[in-house]
Amino acid sequence: MGFAEHIDWVDAARWSGTAFDGGWTTPLASHQDVLEPATGQPLWRTGVANAADMGAAIERAHAAQAAWAATSPRDRATILLKAAALFQQHFDELALLIARETGGILPKGQHEVREAVVLCQLAAALPMQSQGQVLPSTPGRLSIARRVPHGVVGIISPFNFPLILSLRSVAPALALGNAVVLKPDVRTPASGGFLLARVFQEAGLPAGVLQVLPGNAEAGEALVTDPRVPMIAFTGSPGVGRRIGELAGRHLKKVSLELGGANNLVILEDADLDAAASAAAFGAWFHQGQICMASNRVLVHASVAEGLKARLVGKATHLPVGDGASGRVALGPMIDARQLARFDALVQDTVQQGATLEAGGTFEGLCYKPTVLSGVRPGMRSFDEEPFGPLVNLVTFHTDDEAVALANDSQGGLSAAVISRDVGRAMALGERLNAGMVHINDQTVNDDCTNPFGGPGLGGNGSAVGGPADIDEYTRWKWVTVKASVPPFPF
């Protein structure tokens with residue numbers, strides 16, 4: 001009996017070839033196997049949507065949205081709280097499924113489910129918050145600014161942290177009265193889509209309000225260009241983000257982009273090198289570096305660079321790599337052969353450009369060894385491009401000004417961090433970094449769910465999701481005035 005038959009509550013047979021439309025009865029245009037990265041064996045089959053499938057899903061969501069927006073805030077909150085309870089109730093099953101489908105270690109799958117619980121709990125509070133304000137106006141007129149749902153929100157989510165990166169948009173969008181059409185990555189359709197669908201179905205979400213259908217570029221473009229979808233939330237690569245931004249702008253849509261770019265971890269000369277090396281290793285190698293916040297550039301003061309390098313090489317040499325769901329390794333496989341080949345080419349090109357390979361640079365199957373490059377500088381591929389693999393780029397500097405110049409030699413980034421015993425100096429340096437999030441005495445991979453998450457330039461488009469940003473993102477302003485009677489006019 002295969003793994004798919006053991007995920008009893010989720011029941012993989014539900015989504016074999018279908019969309020989620022409130023039930024599991026709508027067939028999709030084509031099908032493909034979902035391969036487990038660790039073994040290369042099929043986990044299950046998924047349907048793959050085309051443009052016509054996407055159009056039909058949008059129509060279903062559009063038809064269901066008005067009634068959902070008219071549902072009382074308490075009832076919407078109750079459904080979100082039930083969803084949180086279901087994620088907790090089925091914690092072990094869902095965590096293992098995520099680890100198997102994404103290639104992550106089991107603690108990474110557990111982290112996604114824990115965050116899913118929190119995301120639903122936070123979203124449940126949104127309908128009960130103030131949805132606007134009374135504005136000053138002329139006597140005899142009531143002037144109100146209200147926050148109202150967009151209507152249908154289209155969400156396109158990635159493969160790396162698929163449950164979190166889908167749910168962080170799905171939950172608040174639903175809570176605030178929108179219908180949602182979710183297109184998860186075809187490599188992680190369960191973790192990024194069908195788990196959510198099963199949870200919300202069981203929680204009592206009305207049929208039609210959430211549509212889930214995996215698809216490729218054709219389906220994604222249909223979602224972005226459809227006039228019935230006034231907002232798109234996308235998490236993924238800068239290249240695809242640019243395309244979505246162009247299409248959304250052409251169709252006058254609101255677009256929320258969370259991309260990637262350069263994330264800099266700056267280590268000053270007074271840092272505790274053991275602690276700094278541990279932080280850098282986690283920030284660069286956790287989930288094989290396939291994280292938008294990964295510490296892909298480690299900027300280290302020249303006076304302590306050799307000590308840091310030795311510690312990182314030691315970690316790279318000894319950290320075990322293999323099947324992430326086994327519970328015996330620190331790094332799992334990369335998501336697929338295409339992603340691994342791109343990353344390996346980036347590493348080898350950077351070495352050809354003059355960097356030194358200190359550790360790693362090899363792989364077996366989809367398992368890439370944690371890698372350390374020294375002598376990295378601007379103009380090299382791994383400095384200029386987001387690696388999205390298990391790579392520490394060691395870049396040396398001599399002064400704080402030089403560190404800032406190197407860190408800001410990019411088109412923007414999501415996250416940055418500074419490690420120093422002098423907190424005031426670290427904070428002053430952090431203020432100068434062009435990033436949406438800055439962490440002092442930490443590494444770059446951080447998210448509390450209660451914080452606005454986003455960044456400038458390649459980090460996104462200056463938008464943010466999470467915490468205080470959610471009401472702004474998933475609603476729009478509507479101005480309403482009321483008078484007791486029609487006043488006289490001079491015409």
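Modeller: The protein exposes about 19000 Å², of which carbon and sulfur atoms supply 55%; accessible areas come from the Shrake-Rupley method with a 1.4 Å probe, and for residues only the protein chains shown count as cover. The model is predicted, so local features need pLDDT of at least 70 and side-chain atom pairs count only at pLDDT 80 or more, while totals for chains, interfaces and linings use all residues. Residues are numbered from 1 along each chain as its sequence is written, and side-chain values use heavy atoms, with hydrogens and water left out.

Turning inward, buried residues make up 57% of the 491 residues, where buried means under 20% relative accessible area, exposed over 50%, and partly exposed in between (1.4 Å probe, protein chains only). The protein contains 15 helices and 21 strands; these are DSSP runs (helices H or I, at least four residues; strands E, at least two), numbered from the N terminus.

The largest nonpolar core holds 100 residues. Such a core is a set of buried Ala, Val, Leu, Ile, Met, Phe, Trp, Tyr and Cys residues joined through side-chain atoms within 4.5 Å. Trp 15, Phe 87, Leu 167, Val 170 and Phe 200 touch the most other members of this core. Helix 5 (residues 162-175) gives the core its largest share, nine residues. Leaving out residues up to four places away in sequence, Val 170 touches Ile 155, Val 180, Leu 182, Leu 196, Phe 200 and Leu 210, a contact being heavy atoms within 4.5 Å. Apart from this core lies another, of 27 residues, including Leu 268, Val 347, Val 404 and Ala 407.

Phe 200 and Leu 210 also touch Leu 205, as do Trp 68, Ile 79 and Leu 174, again not counting residues up to four places away in sequence. Leu 205 lies in the loop between helix 6 (189-203) and strand 9 (210-212), yet Leu 205 is buried, with a relative accessible area of 11%. From Leu 205 to Gly 412 there are 207 residues in sequence and 38 Å in space, C-alpha to C-alpha.

Gln 65, found in helix 1 (residues 51-69), is buried, with a relative accessible area of 15%. Beyond its neighbours within four places in sequence, Gln 65 is in contact with Pro 149, Gly 151, Gly 177, Asn 178 and Ala 179.
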